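Please look over the sequence and the model below before reading on.

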Amino acid sequence: MSLPNHFELLGQSGAARTGRLTTPHGVVRTPAFMPVGTAGAMKGLHWREVRDAGADIVLGNTYHLMLRPGAERIAALGGLQRFTTWNGPMLTDSGGFQVMSLAQLRKVTEQAVKFRSHIDGAAIELSPERAIEVQLLLGSDIAMQLDECVRLPAERDDILRAMELSLRWAERCKRAFERAPEGHMLFGIVQGGDIPQLRHASARGLIEIGFHGYAIGGLAVGEPQEVMLAMIEEAAPILPADRPRYLMGVGTPEDILEAVARGIDMFDCVMPTRNGRHGVAFTRFGPVNLRNARHADDPRPLDESSEWPSTRNCSRAYLHHLVKSGETLGAMLLSEINIAYYQSLMAGMRAAIAQGRFAEFREQTHADWARGDI
Ligand SMILES: CNc1nc2c(CC[C@H]3O[C@@H](OC)[C@H](O)[C@@H]3O)c3nc(N)[nH]c(=O)c3cc2[nH]1
């Protein structure tokens with residue numbers, strides 16, 4: 001049974017697509033980059049800055065929010081949008097990835113993932129049904145199935161086992177999601193590691209079950225970029241062309257540009273804020289490490305033609321000083337500068353695709369990055 005489709009494809013340029021995804025809390029323009037507010041906050045930014053930078057949708061995380069402050073508590077306080085005051089579209093991940101990377105003493109069974117909270121050691125059981133229940137309590141506009149993401153490189157048997165388990169959990173998640181309010185969406189997650197045949201089997205299995213949208217998971221987990229891009233080329237063309245495709249946990253500006261060129265519509269990554277906290281700015285001409293002494297006397301801004309005030313006005317010397325002296329403002333400014341850069345890249349791609357000139361945009365962007373910061 002096919003689910004309602006809230007995605008409208010507006011244009012295509014090569015395999016790149018631009019569209020609109022309508023959610024109960026607003027419209028998402030694609031290709032979209034979703035800043036990651038894992039525990040209900042965007043580290044170092046006010047929500048108004050996230051909105052002003054051009055983000056339509058942000059991401060939260062079931063694993064963190066169910067442990068603290070608790071899904072039932074957020075529901076009692078009006079749901080995630082009101083609780084955080086973001087008040088716009090939100091996507092929540094199911095927690096599968098965090099359990100594999102954060103929880104102690106975890107055990108995966110057919111029924112659920114059993115683990116101990118990394119916060120207080122409490123014994124937790126996350127089943128497909130509970131993962132959906134938590135996301136419904138949070139009230140996210142887009143929920144993700146519970147899956148098992150295998151880090152790469154991995155043995156074929158382990159990739160096969162996790163892929164087949166994730167398909168069975170996808171079926172259980174879809175059943176549990178039947179009681180979701182009108183307009184809310186559930187995405188399946190393609191697994192299969194770096195094995196093309198398993199990627200095909202996973203994608204076909206999810207389409208058989210039927211979802212509002214489809215994520216490609218199990219990537220950006222340690223594999224080289226060419227393996228990630230090869231797996232996108234295996235999975236994306238199989239996924240329904242009229243539904244959104246979300247590449248989880250990706251990535252650098254170059255990863256995103258190359259994935260859009262291969263038909264991906266949605267992205268999430270902690271990189272803009274995490275690199276910002278570590279003193280690295282993303283710019284039109286590539287990354288700039290403001291810790292480097294060469295910036296100490298440089299009065300120039302990062303990019304005088306940027307539409308983002310801090311990128312256009314703050315001198316490199318000032319940013320270098322803030323970063324070297326450990327001033328909180330340094331992390332805040334670089335986080336907003338990076339979120340703004342990512343959103344300007346997404347806006348540039350949307351416009352280029354709509355005008356049928358994505359190939360030229362892609363070539364010029366690579367050339368600008370290759371020129372580097374001078
Ligand atoms: C970084 N690379 C990467 N992240 C990934 C995430 C979590 C992103 C989630 O983890 C957090 O960012 C680290 C954010 O809260 C985000 O929701 C994944 N989540 C699921 N459910 N399945 C996957 O196959 C998967 C693969 C990923 N690869």
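What radius of gyration would a compact globule with 374 residues have, and what value does the protein have? For a chain with 374 residues a compact globule would come near 21 Å, and the protein, which is a predicted model, has 20 Å, in agreement with that expectation. Along its principal axes the C-alpha trace extends over about 60 × 45 × 40 Å, and 59% of the 374 residues count as buried. The secondary structure of the protein is made up of 15 helices and 16 strands.

Turning to the ligand, there are 21 residues around it, of which Asn61, Gln98, Asp147, Gly218 and Leu219 come nearest. Polar side-chain atoms also face atoms of the ligand: one of Thr38 lies 3.1 Å from a ligand oxygen, and an N or O atom in the side chain of Gln191 is 3.0 Å from an oxygen atom of the ligand, whereas a polar side-chain atom of Asp93 lies 2.8 Å from a ligand nitrogen. Of the 550 Å² of accessible area that the ligand has on its own, the protein covers 91%.

On the surface, Tyr318, Leu329 and Met332 form a nonpolar patch, and together these residues have about 230 Å² of accessible area. Tyr318 belongs to helix α13, which comprises residues 316-324. Is Tyr318 buried, partly exposed or exposed? Its relative accessibility is 36%, and therefore Tyr318 counts as partly exposed, since that class lies between the limits of under 20% for buried and over 50% for exposed residues.

How values were computed:
Residues are numbered from 1 along each chain as its sequence is written. This is a predicted model: local features need pLDDT of at least 70, side-chain atom pairs count only at pLDDT 80 or more; totals for chains, interfaces and linings use all residues. Side-chain values use heavy atoms; hydrogens and water are left out. Patches are made of residues with over 30% relative accessible area and no salt bridge: like charges are joined within 9 Å, nonpolar side chains (Val, Leu, Ile, Met, Phe, Trp, Tyr) within 5 Å. Accessible areas come from the Shrake-Rupley method with a 1.4 Å probe; for residues, only the protein chains shown count as cover. A salt bridge is a side-chain nitrogen of Lys or Arg within 4 Å of a carboxyl oxygen of Asp or Glu. Helices (H or I, at least four residues) and strands (E, at least two) are DSSP runs, numbered from the N terminus. Buried means under 20% relative accessible area, exposed over 50%, partly exposed in between (1.4 Å probe, protein chains only). A residue is near a molecule or strand if one of its heavy atoms lies within 4 Å of it. A polar contact is a pair of N or O atoms within 3.5 Å; within protein, one must be able to donate a hydrogen and the other to accept it, and residues adjacent in sequence count only if both atoms are side-chain atoms. The radius of gyration is taken over C-alpha atoms; the globule rule is 2.2 Å times the number of residues to the power 0.38.
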